[in-house]
Amino acid sequence: MLSPSPDPAPALAPLAARWVAWVAAHRQPVNPLKDTTGRHGGRHQPDDVWFLAGTQGGGVARRCVVPAGRPLFFPAICCWRVGRRDGPVAPMSDAGGHAELDGVAVPVRPAGSPASFPVRGFFNNVVTAWPWPVHVSCWGLWGLVPPPARGTHHLTFGGHDGTFRVEAEYELEVR
């Protein structure tokens, strides 16, 4: 369950790890990073938060239905590294990101896993490529939005690492 924290970075790190595991839980045909329409946005969602995906490069526009009462969590930009680590992934020094919900800026904050964590995904998933548990660590610029009111909302977010760029645009129907 999400809980308030005076420093948002600690609250974001566990969510970032859960987001990476969420991406790994998808087979290639329904991978949320490659979804061009949003039709797979509801797959494998947890009960306490709604994960949204960026892309593996470039831009995308998606539409999806979000259950009322769920905060939204997404990466403006992120990276993950496969392999056991005792420490965090180094931050991307040239990273920048942005987010906006219904024309209002949403802060994107840096967070990463303090060490590697086990992720079990489907064979040929984009995170681990393997169906058995693999240790992964991550870092990114993350957005966390309190549960939006019922109705239609427009969310945009994206980021870059100096050369690599992602952009996502969502029309969200909160019901």
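Below are my entries, in the order I looked things up.

**Entry 1: what I am looking at.** I am working with a predicted model, so I keep that in mind throughout.

**Entry 2: salt bridges.** I began by asking how many salt bridges there are. The count comes to two.

I looked up R18 and found that it forms one with D48, with the closest N and O atoms 2.7 Å apart. This pair links distant parts of the chain: R18 sits in helix α1 (residues 8-24), while D48 is in the loop between α1 and β1 (50-51), 30 residues apart. R18 is partly exposed at 32% relative accessibility, whereas D48 is buried at 14%.

Next I turned to R63, which forms a salt bridge with E171; here the closest N and O atoms are 2.9 Å apart. R63 belongs to strand β2 (residues 58-66) and E171 to strand β10 (residues 165-174), so this pair ties together parts that are 108 residues apart in sequence. R63 is exposed, with a relative accessible area of 56%, and E171 is partly exposed at 32%.

**Entry 3: H153.** Leaving aside neighbours within four places in sequence, H153 touches L101, D102, P148, Y170, E171, L172 and V174. I noted that H153 lies in strand β9 (residues 151-160). Is H153 buried or exposed? With a relative accessible area of 12%, H153 counts as buried because the cut-off is under 20%. A polar atom of the H153 side chain is also 2.6 Å from the backbone oxygen of A149.

**Entry 4: the partners of β4.** I followed β9 to its pairing with β4, which is antiparallel over six bridges. Within β9, G158 stands opposite H98. I also saw β4 pair with strand β5 (residues 104-105), again in the antiparallel sense, over two bridges. There, E100 has A105 as its bridge partner. The hairpin of β4 and β5 has two residues between the strands, and D102 takes a positive phi near 50 degrees in it.

**Entry 5: D94.** I found D94 in the loop between β3 (72-82) and β4 (96-101). Beyond its neighbours within four places in sequence, D94 contacts H160, D161 and G162. The C-alpha atoms of D94 and T163 are 8.9 Å apart, although 69 residues separate them along the chain.

**Entry 6: a surface patch.** Last, I asked which residues make a nonpolar surface patch of about 380 Å². They are F123, W130 and W132. I placed W130 in the loop between β7 (117-119) and β8 (134-145), and its relative accessible area of 40% makes W130 partly exposed.

Methods:
Residues numbered from 1 in each chain as written. Predicted model: local features only at pLDDT ≥ 70, side-chain atom pairs only at ≥ 80, totals over all residues. Heavy atoms only, no water. Helix = DSSP H or I, 4+ residues; strand = E, 2+ residues; numbered from the N terminus. Contact = heavy atoms within 4.5 Å. Patch = residues over 30% accessible without salt bridge, like charges linked within 9 Å, V, L, I, M, F, W, Y side chains within 5 Å. Areas by Shrake-Rupley, 256 points an atom, 1.4 Å probe, with all protein chains shown as cover. Salt bridge = Lys/Arg side-chain N within 4 Å of Asp/Glu carboxyl O. Buried < 20%, exposed > 50% of the residue type's maximum accessible area, 1.4 Å probe, protein only. Polar contact = N/O pair within 3.5 Å; in protein donor to acceptor, adjacent residues only side chain to side chain. Pairing = 2+ DSSP bridges.
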